[in-house]
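Here are a few exercises to work through with the model open beside you. Try each one before you read its solution.

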Amino acid sequence: AENHVIADDDEVKEAFYCYSHLKIKEQLWDFEGKDVDSSVVRKLLSKYEPYFKRKQLGKDVRLTYRVPNPDVEKNEGKILLETLESIPRSSDVARTFYENDIAPIFEVAVPMVTNAASIIRVAEYYKRFVVGKEKGVLFEGDKPLSSWVGGFTPKEMRVIPLLEDKDSMLHSTDILREFIVKEKIEDYQRVWLARSDPALNYGSTATVLIEKVALQRIHHLSQELSVAIPPILGCGSAPFRGNFKPNNVNGNLKAYSSVRTFTLQSAYKYDYDETIVKESVETIENTPVKSPLPVQENVILPLIEKLSTAYIEQI
């Protein structure tokens, strides 16, 4: 950071550092509850041109937006719309830079999802009102809007539900099934399970058990629908919030064997020697994804209720 407050350009620099030095393949660009630069794609490509000529954004490395959820964050709802509107502009920048049509931004994560409607709205708004406007005509006899300002890409936006409460995680398959069927998804659909915040709400042990049940159910749904559903797990470094740190990755990889993506929070990246962090990232990347650890739901579910109830009462 240039100053005591981390500014927009500092976060752009951090994204480049994560890609180029730590070899992290995906960076979260977080619009939820804070101001970040919607011109991040243009700034990355212009400031770090040699790197991004070798590594294509949207193909070799990813930039994934987290947007506000208007169902919960009413005052942030317009930020969601502004963010979705900015995505085709980033595609225009990348098309000029790379001379191909690979979109640099093609996924957004929506937090605090409790039902499929929350993510269906995001996907449909993008298709109908962001991309859909390209066929509009401003007055009779005029040419389509796309002939004036250019086309809008990508044509569809993938939406990742971030599930953060007990009921939503345990009913993750209902939310995913409805979304996958409604949006006619045939290849893959990511899902993000929170780990650190639920520990504060339900206790660490109950949260671990919730994750085990959810991951098992997601695995079975993937087999049922023949659609890949690669999970993301949002662990923190503090033991209570996940104990996910560079010197403990093997334990987590064993505990969450079906997880495809782990969130590397700031403590993970900056509280340890850079060499150790890089080695741990390599370990994660090279560890094959397996089936989830099997659990007996008829035993686990009553335990979750007992543990979480006792924890909430004590808190």
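**Exercise 1.** In which loop does Asp-273 lie?

*Solution.* Asp-273 is in the loop between helix 12 (266–270) and helix 13 (274–286); helices are DSSP runs of H or I with at least four residues, numbered from the N terminus. Residues are numbered from 1 along each chain as its sequence is written. This is a predicted model, where local features need pLDDT of at least 70, side-chain atom pairs count only at pLDDT 80 or more, and totals for chains, interfaces and linings use all residues, while side-chain values use heavy atoms, with hydrogens and water left out.

Next, take its accessibility. Asp-273 counts as partly exposed because its relative accessibility is 47% (buried is under 20%, exposed over 50%, partly exposed in between, with a 1.4 Å probe and protein chains only).

**Exercise 2.** How many aromatic pairs does the whole structure hold?

*Solution.* The search gives 11 aromatic pairs (ring centres of Phe, Tyr and Trp, the last by its six-membered ring, within 6.5 Å; planes under 30 degrees apart are stacked, over 60 edge-to-face, the rest tilted). In one of them, Tyr-19 and Phe-52 have ring centres 6.0 Å apart and planes at 90 degrees, so the pair is edge-to-face. Tyr-19 belongs to helix 1 (residues 8–20) and Phe-52 to helix 3 (residues 49–54), so the pair ties together parts 33 residues apart in sequence. Tyr-19 is buried at 1% relative accessibility, and Phe-52 is buried at 0%.

Note on methods
Helix = DSSP H or I, 4+ residues; strand = E, 2+ residues; numbered from the N terminus.
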